[in-house]
Amino acid sequence: MKNNDLLFGEVSKKIADSDFSGYTFQYPPLFTWDKKASDEAVHDAWEKRLYEQTDHLGIYIHIPFCKQRCTYCRYFSKKLDDRSELTDFLASLKKEIGLLKDHFKKQKIHTLYIGGGTPSILSGVQIIELFEFLRNSFDFSECVQTVFEGNPDFLTLEKLRILKKYEVNRLTIGVQSLDQKVIDLANRFQTTGSFQKCIKNAKKVGIETINIDLMIGLPGQSGDSFLQTLEEVIRLDPDMIHLHPFYPTRLTTFTKNEQKISSREIKKRDKMGHIGHLILKQNGYADNEFDAASKEKKDINIQLSDAMEFNSSFLGLGPGAVSHVEGAIRYVNMNTVGGYEKSLDDGRLPLLSARELTKNDDMIYHVISCLRYDGVDKKRFRRLFDRDVDTVFAEEIEYLVKIGQIENTADSLIPKFSDLGEYTIFSKYFYDKVFIADCEKAFPMKGTEVDDELYF
Ligand SMILES: C[S@@+](CC[C@H](N)C(=O)[O-])C[C@H]1O[C@@H](n2cnc3c(N)ncnc32)[C@H](O)[C@@H]1O
Ligand code: SF4
């Protein structure tokens, strides 16, 4: 098998620079999807699948607004200029749900994830309105996890009580840093002390799982600054902590403003990440993702693990949201609020692009996403696809075992990648050969070593 490390470095960069959903390890990558996505194809796909598939269905809702745009952010959201935008957006979201909900009449929703952007920017009344509308449209009677993302300054005690009432059992709080200088430099709206108050209140109202997002390597953030933040966060005892290394993709304002981080800073960032994970381990958190650690397995994002373990479908609603209809199609909504609303005003689904899925695509996606976590369970692979992983990927497995990146046991394929960078490169060896050949034509190699400044 050919050594494709350089090529996969370039492909990773292209993916990170183009996937505004942040779902960068989905397969096939978003930049290859067809712009001529049709409403019929989406309706047909949901209709066809739902008769066969009865569990682990997820709903993701993207609330695309933030008080201000953080310069480091690589996700799709827009600055909220006027609160009336929220009213208009909720009206469109209801229209989108109205167009799709009939497909789900007989379905029980297994997970609900409300992310963004900043969902907590909605007022208490709007949060109630959203949950009531959802409850009247879908069956959440067997929903095991409801996640809500928020910024500490907007998560007031009143809103937290509302979230608890609507059975939110995992709150994910964006904090990034507790160093006000770093926060201000990133143009982030977050006031000193708001996080400490928020986590105390979230515990007081009894939200079961609290996840905290921190970032490493932000402009102006020293090693000491990061460690102080981490120490303070651990002291407040959340259930899960994400340590996101800063990736300055082309989608960030940072890179759009032609700012760069040097390879020295990247090395420092990665070293801090390593130290951060060791500290988390010493404090009772188990590494269950490359960039996150939690006290218990139940604290993870179940919608994501369902998608991986069961190849389950999820319905993405809101601008920029991705949907996956297992064995049929992946599609993404328009990533402008105006375009999204206009399409729904015209009675059409707000589709940006789509990709019909083959069984081969689903098998590749399953393997690369499982390798991000515990590995590929061979029995589960057989149950899902009626094929043996050792036969389907014989050549890829042989090569990756030979270079020590995976271990092949009787029951599983176990990842041996030392970090997210290695995972990103070596998991791509499972990509479809035709796709790899196309990439070779599209990305002529410049250097002889994997680019030090890749952000994976
Ligand atoms: C979709 S954002 C939503 C978080 C929430 N709006 C907040 O910031 O309060 C999820 C997380 O991705 C991380 N993130 C955003 N931009 C990033 C980048 N360029 N590199 C690495 N992680 C990033 C941040 O830690 C952020 O909390
Ligand atoms: S990090 Fe969060 S608050 Fe900042 S721009 Fe991104 S989504 Fe908005």
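Helices here are DSSP runs of at least four residues (H or I), numbered from the N terminus. The model is predicted.

View 1. A search of the whole structure finds two cavities of 30 Å³ or more. Helix 3 gives the most, with four. By class, the lining holds five nonpolar residues, two charged and no polar.

**View 2. F8 and Y431 form a tilted aromatic pair.** The structure has 22 aromatic pairs in total. In this one, the rings lie 6.5 Å apart, centre to centre, with 55 degrees between the planes. The pair links distant parts of the chain, 423 residues apart. F8 belongs to helix 1 (residues 5-18), and Y431 to the loop between helix 17 (420-426) and helix 18 (433-442). F8 has 1% relative accessibility, so F8 counts as buried. Y431, at 3%, also counts as buried.

**View 3. F426 and Y429 form a stacked pair.** Their ring centres are 6.0 Å apart and their planes meet at 15 degrees, so the pair is stacked. F426 is buried, with a relative accessible area of 9%. Y429 is buried too, at 0%. Ring pairs join F8, Y27, Y399, F426, Y429, Y431 and F435 into a cluster.

**View 4. Charged side chains lie over ring faces.** K67 lies over the face of F189, 4.9 Å from the ring centre. R330 lies over the face of Y365, at 4.4 Å from the ring centre.

Key:
Residues are numbered from 1 along each chain as its sequence is written. Chains are lettered from A and ligands numbered from 1 in the order in which they are written. This is a predicted model: local features need pLDDT of at least 70, side-chain atom pairs count only at pLDDT 80 or more; totals for chains, interfaces and linings use all residues. Side-chain values use heavy atoms; hydrogens and water are left out. On a 1 Å grid over the protein atoms alone, a cavity is a set of points where a 1.4 Å probe fits but cannot get out, and a pocket is an open set with protein on both sides within 12 Å along at least five of seven lines; lining residues have an atom within 4 Å of a point. Grid points are joined across faces, edges and corners, and a volume is the space filled by probe spheres set on the points. Helices (H or I, at least four residues) and strands (E, at least two) are DSSP runs, numbered from the N terminus. Ala, Val, Leu, Ile, Met, Phe, Trp, Tyr, Cys and Pro count as nonpolar, Asp, Glu, Lys and Arg as charged, and the others, Gly among them, as polar. Rings of Phe, Tyr and Trp (its six-membered ring) pair if their centres lie within 6.5 Å; planes under 30 degrees apart count as stacked, over 60 as edge-to-face and the rest as tilted. Buried means under 20% relative accessible area, exposed over 50%, partly exposed in between (1.4 Å probe, protein chains only). A charge sits over a ring if NZ of Lys or CZ of Arg is within 6 Å of the ring centre and within 35 degrees of the ring normal.
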